[in-house]
Amino acid sequence: MDKFDKLSGIAAPMPLVNIDTDMIIPKQFLKTIKRSGLGVNLFDEMRYDDNGEEIPDFVLNKPQYRDAQILVAGENFGCGSSREHAPWAIKDFGIRCVIAPSFADIFYSNCFKNGILPIHLPQEQVDILMKDAEKGANARLEVDLDAQTVSTSDGEVFNFEVDSFKKHCLMNGLDDIALTLEKAASIDTFESKASQARPWV
Amino acid sequence: MSPKTLYDKIWDAHVAHEADDGTCLLYIDRHLVHEVTSPQAFEGLRMTGRTVRQPLQTIAVPDHNVPTTEGREDPKNMTEDSAIQVAALDKNAKDFGINYYPVSDVRQGIVHIVGPEQGWTLPGMTVVCGDSHTATHGAFGALAHGIGTSEVEHVLATQTLIQKKSKNMKVEITGKLNPGVTAKDITLSVIGATGTAGGTGYVIEYCGEAIRELSMEGRMTVCNMAIEGGARAGIIAPDEKTFDYCKGRPHAPKGAQWEAALDWWKTLYSDHDAAWDKVITIKGEDIAPVVTWGTSPEDVLPITAEVPAPESFKGGKVGAAKRSIEYMGLTAGQKLSDIEIDTVFIGSCTNGRIEDLRAAAAILKGKKKKDGLRAMVVPGSGLVRAQAEEEGLAQIFIDAGFEWRLAGCSMCLAMNPDQLSPGERCAATSNRNFEGRQGRGGRTHLMSPQMAAAAAITGKLTDVREMM
């Protein structure tokens with residue numbers, strides 16, 4: 001997995017609540033058996049018209065946001081389907097960090113498995129970051145995972161919370177499965193006890 | 001011993017390892033797998049030379065993008081990309097030796113209907129699947145939730161998940177339901193009350209008289225949509241109805257093991273003095289037959305209400321409601337019962353079980369769908385379909401002008417050819433009304449099977465109580 005340490009990038013503003021994973025990557029793109037190549041279809045139905053032409057008003061089609069690496073959005077980002085194609089599409093587009101007042105549980109967890117940092121901040125602070133993002137390409141946000149801070153282009157700094165284990169894995173690009181397999185003895189022990197206690201499983 | 005909730009008890013029974021910071025390895029008893037969210041996970045196993053730790057606790061079935069029309073066993077009758085995903089699941093199931101119900105098997109169906117039907121889902125278990133509606137299995141008093149594909153790979157390789165414990169939330173539905181009010185109305189009304197993020201960070205236990213009175217199938221409908229309320233899982237304490245449902249199922253324990261299981265299952269309830277982080281109480285009698293008007297499952301109102309004005313909301317929801325009403329082609333103040341529909345879809349893991357089909361057929365018996373309307377029934381599994389045919393329900397649907405389809409997820413998420421066209425308006429028994437969910441530009445109103453049947457007859461959203 002790609003490491004995440006510091007990021008300085010353009011932030012795209014999406015001031016919409018309940019952005020669901022069907023919006024992020026519609027179902028017709030779930031028929032892939034790969035993880036890559038989904039970036040071009042990120043937000044497909046908001047981004048392209050019925051003829052496949054770009055809708056100029058959509059934020060990621062605007063010249064100043066085409067290289068955005070950060071997304072600032074409304075509450076409950078990533079709700080709905082568990083599809084990991086959503087973070088795959090976000091990452092493939094080039095976005096490495098999503099900032100919102102709150103995230104849906106499964107999406108939040110999926111981000112960390114893919115080198116994306118989801119940051120939840122109070123609504124008032126997201127509002128400030130949204131305004132900053134609206135300034136376009138001249139306003140770069142700075143994200144520092146180690147220090148757990150986000151800085152606006154004006155130098156205002158917000159601290160964010162992140163689970164220490166998730167942070168450790170993201171900063172070091174660790175593979176969850178390899179970490180868990182180091183504890184295989186605990187799983188063996190659990191299985192042997194459980195097969196006594198609950199043999200029907 | 002300190003008092004525990006049902007969730008606490010199941011959690012504690014499945015912790016295989018706990019780190020100092022509270023991060024746990026949670027042991028997984030049942031891993032359900034389908035064709036859309038698993039290919040990359042199996043590919044990951046192959047690339048790293050890993051294997052499936054417990055293939056016999058792993059159950060796979062293709063459901064999301066299989067066609068629901070005859071002849072689908074032949075891959076030529078699937079779109080190429082769907083056929084590739086189904087073929088990949090065929091191969092992965094065979095190569096890794098996991099339980100499998102192929103398209104040609106009568107037991108094939110939606111993974112969340114097949115699991116309980118075959119007795120894979122049992123009280124006190126941990127159940128996961130790369131699908132958010134895994135919450136369905138919570139109806140058995142199992143801890144069940146959706147996971148992403150990286151986690152699918154993690155469970156395949158280790159039979160565990162890296163987890164931190166959620167908080168406990170109690171949703172109590174007191175008293176009795178009025179006629180015409182169903183499990184679907186309960187679960188939608190709860191989301192309407194809490195919002196789609198109201199359950200974030202929690203496992204919800206549904207309880208109270210109205211929940212206890214529900215059948216197992218009704219309880220599955222309630223838990224199914226716990227995810228739409230943002231919760232990690234929904235759960236209902238097992239009781240005699242649960243045990244009766246499980247007994248004799250192909251993969252339920254038998255003989256002495258059944259008795260041993262029963263002894264443990266009977267301890268699976270929240271202690272009366274257990275601590276809750278959040279409690280919501282709704283009177284059963286206050287719940288009406290509801291429909292959704294917008295593009296979020298929280299956009300729910302009684303069928304007797306009107307489309308709300310965006311200004312009646314607060315914060316970011318004002319803009320969201322405006323966008324929803326525009327997308328849905330509605331006007332604030334319009335009566336919900338005046339909204340005309342083009343299509344009716346009865347099916348999905350929310351409402352594709354036999355009782356759902358019985359309820360819809362009871363409304364449709366001897367009647368016809370409105371002329372020009374498209375209507376389809378997609379049973380949740382091959383066995384549900386066979387039973388409905390045996391009970392004469394299929395004929396009622398066919399006589400009413402419905403298409404009678406083969407089992408699958410179908411128009412719930414429109415990955416197969418069952419899709420809405422732009423602007424097409426659908427009365428659906430499924431679980432999500434998101435923009436484009438049932439097809440680009442499609443407009444979805446969620447409701448119970450009874451309400452969908454009533455809408456098919458009149459051609460508009462209809463209060464089913466007027467037909468009872």
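**Chain contacts, helix packing and a covered strand**

In this predicted model, 45 residues of chain A are in contact with 56 residues of chain B, two residues being in contact if their C-beta atoms, placed from the backbone, lie within 7 Å. The elements that contribute two or more residues to the side of chain A touching chain B are α1 (21-24), α4 (105-112), α6 (164-172), α7 (176-181) and α8 (184-197) of chain A; helices (H or I, at least four residues) and strands (E, at least two) are DSSP runs, numbered from the N terminus. By class, the residues on this side of chain A comprise 18 nonpolar, twelve polar and 15 charged, where Ala, Val, Leu, Ile, Met, Phe, Trp, Tyr, Cys and Pro count as nonpolar, Asp, Glu, Lys and Arg as charged, and the others, Gly among them, as polar. Residues are numbered from 1 along each chain as its sequence is written, and chains are lettered from A and ligands numbered from 1 in the order in which they are written. Local features need pLDDT of at least 70 and side-chain atom pairs count only at pLDDT 80 or more, whereas totals for chains, interfaces and linings use all residues.

Within chain B, helix α2 (residues 39-48) packs on helix α5 (residues 149-158) at an angle of about 50°, their axes lying 8 Å apart; axes are lines fitted to C-alpha atoms, for helices over the stretch in contact, and angles run from 0 to 180 degrees between N-to-C directions. This angle makes α2(B) oblique to α5(B), given that angles under 35 degrees count as roughly parallel, over 145 as roughly antiparallel, 65 to 115 as roughly perpendicular and the rest as oblique. The contact is formed by B:Gln40, B:Ala41, B:Gly44 and B:Leu45 of α2(B) together with B:Thr149, B:Val152, B:Glu153, B:Leu156 and B:Ala157 of α5(B).

Helix α6 (residues 183-194) and helix α8 (residues 216-224) of chain B pack at an angle of about 20°, with axes 8 Å apart, and are therefore roughly parallel to each other.

In chain A, strand β2 (residues 70-73) is covered on both faces, with A:Ile70 and A:Val72 on one side and A:Leu71 and A:Ala73 on the other, all of them buried (20 or more other C-beta atoms within 10 Å of the residue's own, these atoms being placed from the backbone). Strand β1 (residues 6-14) of chain A pairs with β2(A) in the parallel sense over four bridges, pairing requiring that DSSP finds at least two bridges between the strands. The bridge partner of A:Ala11 in β2(A) is A:Ile70. Strand β3 (residues 97-100) of chain A likewise pairs with β2(A) in the parallel sense, over three bridges, and there A:Val72 stands opposite A:Ile99 of β3(A).

Conventions
A residue is buried if 20 or more other C-beta atoms lie within 10 Å of its own, exposed if 12 or fewer, and partly exposed in between; C-beta atoms are placed from the backbone.
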